[in-house]
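Me: I'd like to go through a structure with you, one question at a time. Here it is.

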Amino acid sequence: MQDIEWGSLPFGYFKTEYNVRCYNRFGEWGEVEVSSSEYINIHMAATCLHYGQEAFEGMKVFRGVDGKARVFRWEENAKRMQRSAEGILMAEVPSELFYEMIEKVVKMNEKFIPPYGTGSALYLRPLLLGTGPQVGVKPAEEYMFMVFVGPVGPYFKEGFQPVRMQIVRDYDRCAPLGTGHIKVGGNYAASLKPAARAKEEGFASVIFLEAKEKKYIDEAGPANFFGIKGNKYITPDSHSILPSITNMSLRTLAEDMGLEVEKRHVLVEELGEFEEAGACGTAAIISPIREIFDRETGETFTYGDGEAGPVTTKLYNKLRAIQYGEEPDPYGWTKIIIE
Ligand code: PLP
Ligand code: COI
């Protein structure tokens with residue numbers, strides 16, 4: 001195995017040794033297969049290739065202070081993948097099968113779990129594909145579920161250093177009653193152009209607005225948005241946002257810290273009233289935001305003095321402490337995969 005610079009890993013693809021796969025044919029899941037190939041052999045008329053019958057998930061396994069490897073809230077990812085499957089008429093992966101496969105693939109790739117203290121984690125990417133052929137626009141009769149893994153660092157290269165984000169109004173990630181609330185590939189295809197432009201213009205990510213009225217904040221690229229105002233943790237409520245498991249966890253931790261939690265529409269104008277702002281997600285962890293630039297109006301909202309704010313920092317430290325087994329896990333969010 002090559003030497004891995006565990007502490008400076010990007011968030012990207014990393015070849016490991018094994019992945020696991022399982023097929024659903026005519027409604028029945030088959031045997032779990034282990035593969036060491038990075039490729040999948042797929043029918044040219046597979047519905048995932050033509051009609052976007054594809055959903056994925058993202059989870060992390062952390063090597064704890066005690067040497068144990070813990071996966072964070074996998075049941076929530078399993079449930080969200082079931083909702084994604086239901087949303088675009090794919091076969092649902094039962095939670096037991098989901099867990100069996102993540103446990104297997106993590107154990108088989110144990111040497112790729114970054115050591116404690118490096119700030120990196122093993123990223124798990126479950127993927128559900130319509131593999132059966134169709135030419136008419138119809139759901140497939142065969143599905144493949146697979147899980148691959150790889151060690152990663154934080155999504156935004158700045159890590160916990162505050163980033164700049166850009167509000168876009170000339171692109172929508174998804175339609176108001178579309179598929180934004182589930183984790184299907186089409187949502188990400190629609191985000192590629194504005195995200196690439198934002199990068200070119202010097203921003204870490206775009207912030208999408210709710211597409212119908214363009215008045216409310218939806219989400220921050222591949223992460224949910226939150227703002228801190230006084231004693232409140234405020235995060236947008238919208239049908240077109242992916243319900244983030246990280247955000248759900250932060251809402252609980254914020255309440256535990258005595259903050260009031262509000263999940264509601266957040267007007268763009270309200271950005272000027274927040275003392276702190278952040279983006280959160282499995283890949284992003286928490287990325288503090290130091291500036292939000294509205295590309296159309298030219299308005300800029302700024303937060304803090306270049307460092308993450310105190311509430312954001314406290315939330316980040318608490319979440320990380322639970323994930324790395326440094327502090328008790330009162331809600332049972334972590335499951336030990338390797339003792
Ligand atoms: N929003 C989008 C669009 C995402 O892709 C993700 C990542 O999964 C999130 C938010 C964060 O969700 P989670 O915290 O469950 O990873
Ligand atoms: C995650 O946070 O797990 C994601 O999937 C975000 C992105 C890489 C799509």
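Me: In which strand is Ile 167?
Reply: This is a predicted model, where local features need pLDDT of at least 70, side-chain atom pairs count only at pLDDT 80 or more, and totals for chains, interfaces and linings use all residues. Residues are numbered from 1 along each chain as its sequence is written, with chains lettered from A and ligands numbered from 1 in the order in which they are written. Strands here are DSSP runs (E, at least two residues), as helices are (H or I, at least four), numbered from the N terminus. The one spanning residues 163-168 holds Ile 167, and that's β9.

Me: Is Ile 167 buried or exposed?
Reply: The call rests on counting other C-beta atoms, placed from the backbone, within 10 Å of a residue's own: 20 or more is buried, 12 or fewer exposed, and in between partly exposed. Ile 167 has 23 of them, so it's buried.

Me: Which residues does Ile 167 touch, leaving out those up to four places away in sequence?
Reply: Contact means that the C-beta atoms of two residues, placed from the backbone, lie within 7 Å. With that cut-off, the list for Ile 167 is Ile 207, Leu 209, Val 268, Ile 292, Asp 294 and Arg 295.

Me: How far apart are the centres of domain 1 and domain 2?
Reply: The bounds come from an automatic or database domain assignment, giving domain 1 as 6-152 and domain 2 as 163-323. Taken over C-alpha atoms, the centres are separated by 26 Å.

Me: Which element gives the most to the shell around ligand 1?
Reply: A residue is near a ligand if its C-beta atom, placed from the backbone, lies within 6 Å of it. The residues around ligand 1 include Glu 219, Asn 224 and Thr 246. At least two shell residues each come from β12 (223-229) and α5 (245-256). The top contributor, with 3 residues, is α5.

Me: How many charged residues are in the shell around ligand 2?
Reply: Ligand 2 is surrounded by Gly 58, Pro 222, Gly 281, Thr 282 and Ala 283. Ala, Val, Leu, Ile, Met, Phe, Trp, Tyr, Cys and Pro count as nonpolar, Asp, Glu, Lys and Arg as charged, and the others, Gly among them, as polar. That shell divides into 2 nonpolar, 3 polar and, for charged, none.
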